[in-house]
Amino acid sequence: MLEKKLNAEAWDYEAKRGNFWTRPVNDEDVLSARNGKILVRLTPSRFVKESWVKGTKGSKMLLLASAGGQQSVLFSAYGADITSIDISREQIRRDEETLEKYGLEGRTIVGDMCDLSMFDDSSIDYVFIPHSINFISSLSKLYSEVVRVLKDGGHFLFGCANPVLYIFDEKKEMRGKLKVKYTLPFSDERSRGKKEKERMIREKDTFESSHTLSSIMSPLFEKGMVLVDFYSDESLNETVDSFIHDSFLAFNYVKTRL
């Protein structure tokens, strides 16, 4: 799909620019994880609750589009058996280089997070995805694959942008003003005009989709997943955070036997 190709190129570009989600962890972070205190992110500002990740030591863990040289490295240092999948070669390269730097083990795959066909049914204890679900237009295949590979009692930890973030004119937002421009659900592919999309391709912008709270949450309930915890986070954009206090959302679902 064109969306996947464009986002692969966009994240390669973001990695070279040093986007926050492409900066490898440091010595202190890795030492902390080795010593049993792991600080990982699903959303921009808050660390994941300790209760969500304390069971990952010794687990089989799948990290999907989870930032270059960050969460995968820390989970490996903590003692998880990790596999990292990302559509961006640059992000995977950061994973590989950082794992090697700290003498850590982990498998890396350049690929589509919606295609987990290389994994057997009920073979994974944890699936971990930061707010990368906003970079795919449909959640259906991803959710089906995640539920298929998770063991009974396995956890699906993921973050996403609050859909309401996508109503604003981003140019005015950058100037400290909030003006409603788009209807929801938003999609760069459907909501923008031809010239805007051509500009995005030239400038290597990511193509995103807001989804809806219903499409984010309800299909997982229907597939036998239970929501066991939740928290929200800031966007780190002062203008937005002064207006919306729940800019990003993090979910902890567990797979139950139907």
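Predicted model: local features only at pLDDT ≥ 70, side-chain atom pairs only at ≥ 80, totals over all residues.

Student: What makes helix 4 largely enclosed by the rest of the structure?

Tutor: Helix 4 spans residues 71–78, and eight of its eight residues are buried, so the term applies. The buried residues are Q71, S72, V73, L74, F75, S76, A77 and Y78. They pack against several elements, including helix 2 (27–34), helix 5 (89–101) and strand 4 (124–129). Just after helix 4, G79 has a positive phi of about 120 degrees.

Student: Why is the pair of W52 and Y231 called tilted?

Tutor: The search of the whole structure gives 15 aromatic pairs. In the pair of W52 and Y231, the centres are 5.0 Å apart and the planes stand at 45 degrees. A pair requires centres within 6.5 Å, and planes under 30 degrees apart would be stacked and over 60 edge-to-face, so 45 degrees counts as tilted. W52 lies in helix 3 and Y231 in strand 6 (residues 225–233), 179 residues apart. Both W52 and Y231 are buried.

Student: What makes the pair of F168 and F243 edge-to-face?

Tutor: Their ring centres are 6.1 Å apart and their planes are at 75 degrees, which is over 60, so the pair is edge-to-face. F168 is in the loop between strand 5 (150–161) and helix 7 (170–174), and F243 in the loop between helix 11 (238–241) and strand 7 (248–255), so the pair ties together parts 75 residues apart in sequence.

Student: Which class of accessibility, buried or exposed, applies to F168, and which to F243?

Tutor: F168 has a relative accessible area of 5%, which is under 20%, so F168 is buried. F243 has 57% relative accessibility, which is over 50%, so F243 is exposed.

Student: How do you know that the charged end of K57 sits over the ring of Y78?

Tutor: The charged end of K57 is 4.2 Å from the centre of the Y78 ring, and the distance cut-off is 6 Å. The charge is assigned as sitting over the ring.

Student: What makes up the lining of the largest pocket?

Tutor: The largest pocket has a volume of about 1400 Å³. Of the 32 residues that line it, E170, E173, M174, T206 and E208 are the closest to its centre. By class, the lining has 16 nonpolar, six polar and 10 charged residues. Helix 7 gives the most to this lining, with four residues.

Key
Residues numbered from 1 in each chain as written. Heavy atoms only, no water. Buried < 20%, exposed > 50% of the residue type's maximum accessible area, 1.4 Å probe, protein only. Helix = DSSP H or I, 4+ residues; strand = E, 2+ residues; numbered from the N terminus. Contact = heavy atoms within 4.5 Å. Phe/Tyr/Trp six-rings, centres within 6.5 Å; stacked < 30°, edge-to-face > 60°. Lys NZ or Arg CZ within 6 Å of the ring centre and 35° of its normal. 1 Å grid on protein atoms, 1.4 Å probe; cavity = no way out; pocket = protein on both sides within 12 Å on 5 of 7 lines; lining within 4 Å. Points joined across faces, edges and corners; volume = space filled by probe spheres on them. Nonpolar A, V, L, I, M, F, W, Y, C, P; charged D, E, K, R; others polar.
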